[in-house]
Amino acid sequence: MRKYTPKDDVQKKSYYNDRFYVTPTIPRLDPASDEIYAKDIEGLKSKITILDSYIENGELVIYINPQDNVKTLTLLKEELEYDMLMELSAIDYIATRNGFEIFYEMLSMSKHKRMRVKCFIEEKQTLESVYGVFKMANWAEREMFDMYGVKILNHPNMKRILMPDDWYDHPLKKTYPLHGDEVAQWYEVDHIFGKEAREEIGPEERDDAAVDRYDTTRFSRLGHEVPFGTPISEGTETQTPLGYTEEGGVKLFGKRIIKDLDEKKSKILDKRR
């Protein structure tokens with residue numbers, strides 16, 4: 001049974017203050033506590049500037065200057081045996097820090113260790129490609145550009161990888177509307193039918209949870225069975241409940257839809273003949 005809490009002051013505070021799970025802070029350890037990581041840090045400090053370093057969840061995290069990203073990954077690969085780039089991407093901090101945090105997830109197969117290299121860039125700042133060090137960065141850097149708008153220099157094919165080339169804005173930015181903006185609502189209508197068809201077709205419904213229960217061409221009829229495309233307006237629908245119906249003592253399921261489909265099939269077969 002849940003513990004009772006007084007509710008006299010519920011109107012004086014946010015209703016959901018105590019409803020969200022707050023992730024506990026993960027302890028950050030000194031890299032010197034791990035012999036392998038301590039040697040790795042010493043090997044890097046003599047050649048690049050390390051702004052911060054710590055061990056989190058058993059993984060070494062280092063912060064570097066963004067202009068040192070290629071040099072750092074080259075050192076990790078050629079001298080410190082971090083021979084795999086597992087992942088790279090960005091984190092949107094535009095609202096709080098006016099930029100992106102870029103991370104590179106490294107793996108050493110021989111040491112059985114992971115290292116996360118991080119750097120911070122401003123919103124319009126460019127970043128050098130690491131494709132020359134790890135070929136895996138090809139598609140990952142394109143995705144980072146496509147989703148966040150982070151521009152990568154000296155990439156062999158820097159263009160969008162998921163969205164169309166003429167798509168407006170970048171969908172994973174926190175400022176991007178959840179269901180897309182006005183441009184996204186008209187994108188397919190404009191490209192398939194042309195802008196002149198906007199009034200006839202209308203904007204695309206981008207809310208995947210939205211269902212128009214009176215639309216019998218795009219959605220199943222909720223609570224009733226009607227043939228495809230039947231014109232229905234609120235208050236005039238035929239009351240045909242879903243489920244089994246009886247006819248001559250025989251239980252039938254969805255007989256109206258089945259009958260309608262049979263008629264359409266017969267018409268198609270007649271045309272082919």
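This briefing walks through the fold, the strand pairing, the aromatic pairs and a surface patch of one protein.

The model is predicted, so local features need pLDDT of at least 70 and side-chain atom pairs count only at pLDDT 80 or more, while totals for chains, interfaces and linings use all residues. Residues are numbered from 1 along each chain as its sequence is written, and side-chain values use heavy atoms, with hydrogens and water left out.

**Overall picture**

- The protein has seven helices and ten strands; helices (H or I, at least four residues) and strands (E, at least two) are DSSP runs, numbered from the N terminus.
- Of its 273 residues, 35% count as buried. Here buried means under 20% relative accessible area, exposed over 50% and partly exposed in between, with a 1.4 Å probe and protein chains only.
- Among contacts (heavy atoms within 4.5 Å) with a separation of 6 or more, 43% come from residues 24 or more positions apart.
- Accessible areas come from the Shrake-Rupley method with a 1.4 Å probe, and for residues only the protein chains shown count as cover.

**Strand pairing**

- Two strands pair if DSSP finds at least two bridges between them.
- Strand β1 (residues 28–29) runs antiparallel to strand β2 (residues 50–56), and two bridges join them. R28 stands opposite E56 in β2.
- β2 is also joined to strand β3 (residues 59–64), again antiparallel, by six bridges; here I55 faces L60 in β3.
- The β2 and β3 hairpin has two residues between the strands, and N57 takes a positive phi near 55°.
- β3 pairs in the parallel sense with strand β6 (residues 113–122) over four bridges. For I62, the bridge partner in β6 is V117.
- β6 pairs in the antiparallel sense with strand β5 (residues 99–108) over ten bridges, and L107 has R114 in β6 as its bridge partner.
- Four residues lie between β5 and β6 in their hairpin, where H112 in the turn has a positive phi of about 55°.

**Aromatic pairs**

- Rings of Phe, Tyr and Trp (its six-membered ring) pair if their centres lie within 6.5 Å; planes under 30 degrees apart count as stacked, over 60 as edge-to-face and the rest as tilted.
- The count comes to three aromatic pairs by this rule. One of them is the tilted pair of Y54 and Y63, at 6.5 Å centre to centre with 40° between the planes.
- Y54 counts as buried because its relative accessibility is 5%.
- W167 and Y187 form a tilted pair too, with 4.9 Å centre to centre and 55° between the planes. Since W167 lies in the loop between β8 (152–153) and α5, and Y187 in helix α5, the pair ties together parts that are 20 residues apart in sequence.
- Both W167 and Y187 are buried.

**Around W186**

- W186 sits in helix α5 (residues 182–192) and, at 12% relative accessibility, counts as buried.
- Leaving aside neighbours within four places in sequence, W186 is in contact with R198, G202 and P203.
- W186 and I201 are 15 residues apart in sequence, with 9.9 Å between their C-alpha atoms.

**A nonpolar surface patch**

- M84, M86 and M109 form a nonpolar patch on the surface, with about 250 Å² of accessible area together.
- M86 belongs to strand β4 (residues 84–92) and is partly exposed, with a relative accessible area of 33%.
- Patches are made of residues with over 30% relative accessible area and no salt bridge, joining like charges within 9 Å and nonpolar side chains (Val, Leu, Ile, Met, Phe, Trp, Tyr) within 5 Å. A salt bridge is a side-chain nitrogen of Lys or Arg within 4 Å of a carboxyl oxygen of Asp or Glu.
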